[in-house]
Amino acid sequence: MPSRSNGLAAEMEAVRTLALVGASASGKTTLAEALLQRTGAIGAAGSVERGSTVSDHDPLERRMQHSLNASIMHMTHGDTRIHFIDTPGGPDFLGQSLPALEAVETAAVVINASTGIEQMALRMMEYAASRHLTRMIIVNKIDAQGVDLAGLLEQIQAAFGRECLPLNLPADGGARVVDCFFNREGSCDVGSVDAAHRALVEQVVEVDAAFVDRYLNDGDVDPAELHAPLEQALREGHLIPVCFVSARTGAGIGELLDVVARLLPDPTEANPPDFLLGEGAAAEPMEAKPDPSLHVLAHVFKVTVDPYVGKMGIFRVHQGTVTRDSQLYVGDGRKPFKVGHLFMLQGKDHVEVARALPGDIVAVAKVDEIRFDSVLHDAAEDDHVHLAPLDFPVPVHGLAIEPKRHGDEQRMWEILGKLVGEDPCLRVEHVAATNESVVYGLGDLHLRVLLDRLREVYKFEVNTRPPRIAYRETVTSPAEGHHRHKKQTGGAGQFGEVFLRIEPMGRGEGFEFVDQVKGGTIPGQFIPAVEKGVREVLQTGAIAGYPVVDVRVVVYDGKHHSVDSKDIAFATAGRKAFMAAIRDARPIVLEPIVQIEIAAPDGSMGDVTGDLSSRRGLVTGTSNLAVGTVVIKGQVPMSELASYQSRLNAMTSGQGRYTIVLSHYEAVPPAIQQTLTSQHRVRDEE
């Protein structure tokens, strides 16, 4: 593409950025190797099976033979510098693939010609559209036996719209491809080159009335003149180009590079990123201008922490120029850091550069203040600039975790903090209700990889188990309780007597303690001790060992002794009086009920809803997410979701996903309550 200005601006306009996204086994990593090899960035293409690719450089990735992390690479094709990101295709690793969309102009959705459109392709197309990115589709493995490329193109248009048009078409059984944009002649395996050319030109000129008139009058328009309307069509999603390749044989790789360099948008042509100024509801949209002469705005879309190298922040420059001597602030931080070394990444290798312009993807190391989603800047007025947050799936798969060696709790939390800092779809918290440390991820594989990293990277051993369900206890009717605590040990004794009544409160209202003692039968200084004894039962439970909630306790009478009454006596009397009242108040165990949303192929809807009902669940509605995908909404007890993802995988051929949020608490069925109380009695006896 001819430059439209000189100097730094011309250099910036020769930058292209794209993310390779899509389902596992679509061949993204092999495609990355083919692109690197074709441009001379590497001498020979590596192999996923041999663990020799630039992208999958993590030992776990090599062992498992698929991508677990987003990997950043760059290459030069002619005068064009291309930054591209290879992303994992597993739904458990959306915390790696989604942030890559924040760093690029173009989302390239890779589809395996043998397996067709998969759920991850649908999902990534939707995410890319929501971020106003240029979208393109790369059909890989076009030389595979028995593929129906014409049928696949029809499926693509049915799923994503008639605006999905081929820029090239396969020929000679997938051995080569034929350009359809600049060329209108030649033979191919799918349709007609001339028909594909006309469809492309008509789609592009539709966005510009002047070109429509020329096309109607002349019957064609020179594609070389269509740069501006083409970029507009790409920005608006009016055109989603489709390219055909075989990463294994190299068919279509050179043509794909030409498409990237000649047709895809540079940083000045794409839709601007969704920056906001301010916090919360008061935040207002602001535009980052791809101008190398302005103050710096850059977004950290990936953080890695290596036990030996330290923390590395990887960021996309959106405005201004970052140099090795730049002083940059992290968000609203008061203290700047100096960029000592600036790197472009080639997988695990760091290539030092002197500067980075808008469009460049670079990294800095050993800056502890950098966090995922930080905005780096060099001007005070940008303290409160941030990108509109991505809509990440909520991590709901929990695993209780504790160090194997007693006393290592602090180190475990430090390491988990580093791992969570690398992945926005990991979460760790201490659950007070069950006194457990629980790490949450997007699936079993996600958590298994985290445990592998703990063991192999940080040499830290842990014990794990399914997290306990946060049951609660409450009462369903009013009752009274009384206890006299009297203890004589030869010297000063202990005496305290408490009368109280309890009554149920509304669900979610918590606890209320009321002092209605009159006449000083319990002196005021002992009332806090009575409340302390009551609160001990609130924490430890009365019938099944779970916290007591939604109850009002009214202390109305008692007795004291002028010598023997002490705090401990009234705390004990309060605790036992409360326990006695609960036994007469028809106590029940409550269980957490969650709102669940399940995305699954529409052909699996009957199996999913039937299974949900068998788990004491209630289906509250269904809707269509995209072509072939249904969303099932419902409510289900949390206790019924143990290993649910595995069951959902079996029902949906691995394409189902779900999210949950706590809705409310409900009484457990009598049989379950009996089991829980029996288990509690056994634990007490032990």
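Student: At what angle do helix H2 and helix H10 pack, and how far apart are their axes?

Tutor: In this predicted model, local features need pLDDT of at least 70, side-chain atom pairs count only at pLDDT 80 or more, and totals for chains, interfaces and linings use all residues. Residues are numbered from 1 along each chain as its sequence is written, and side-chain values use heavy atoms, leaving out hydrogens and water. Helix H2 (residues 28–38) packs against helix H10 (residues 253–262) at about 80°, with the axes 10 Å apart. Axes are lines fitted to C-alpha atoms, for helices over the stretch in contact, and angles run from 0 to 180 degrees between N-to-C directions. Helices (H or I, at least four residues) and strands (E, at least two) are DSSP runs, numbered from the N terminus.

Student: Which residues of H2 and H10 meet?

Tutor: Leu31, Ala34, Leu35 and Arg38 in H2 meet Ile253, Gly254, Leu256 and Leu257 in H10; contact means heavy atoms within 4.5 Å.

Student: Changing topic, how many disulfides are found in the whole structure?

Tutor: The search finds zero disulfides, a disulfide being a pair of cysteine sulfur atoms within 2.5 Å. For Cys164, the nearest cysteine sulfur is that of Cys243, 12 Å away.

Student: Is Cys164 buried or exposed?

Tutor: Cys164 is buried, at a relative accessible area of 0%. Buried means under 20% relative accessible area, exposed over 50%, and partly exposed in between (1.4 Å probe, protein chains only).

Student: And what is the strand order in the open sheet of four?

Tutor: The order is E28-E29-E31-E30, with mixed pairing; two strands pair if DSSP finds at least two bridges between them. The twist averages 25° from one strand to the next.
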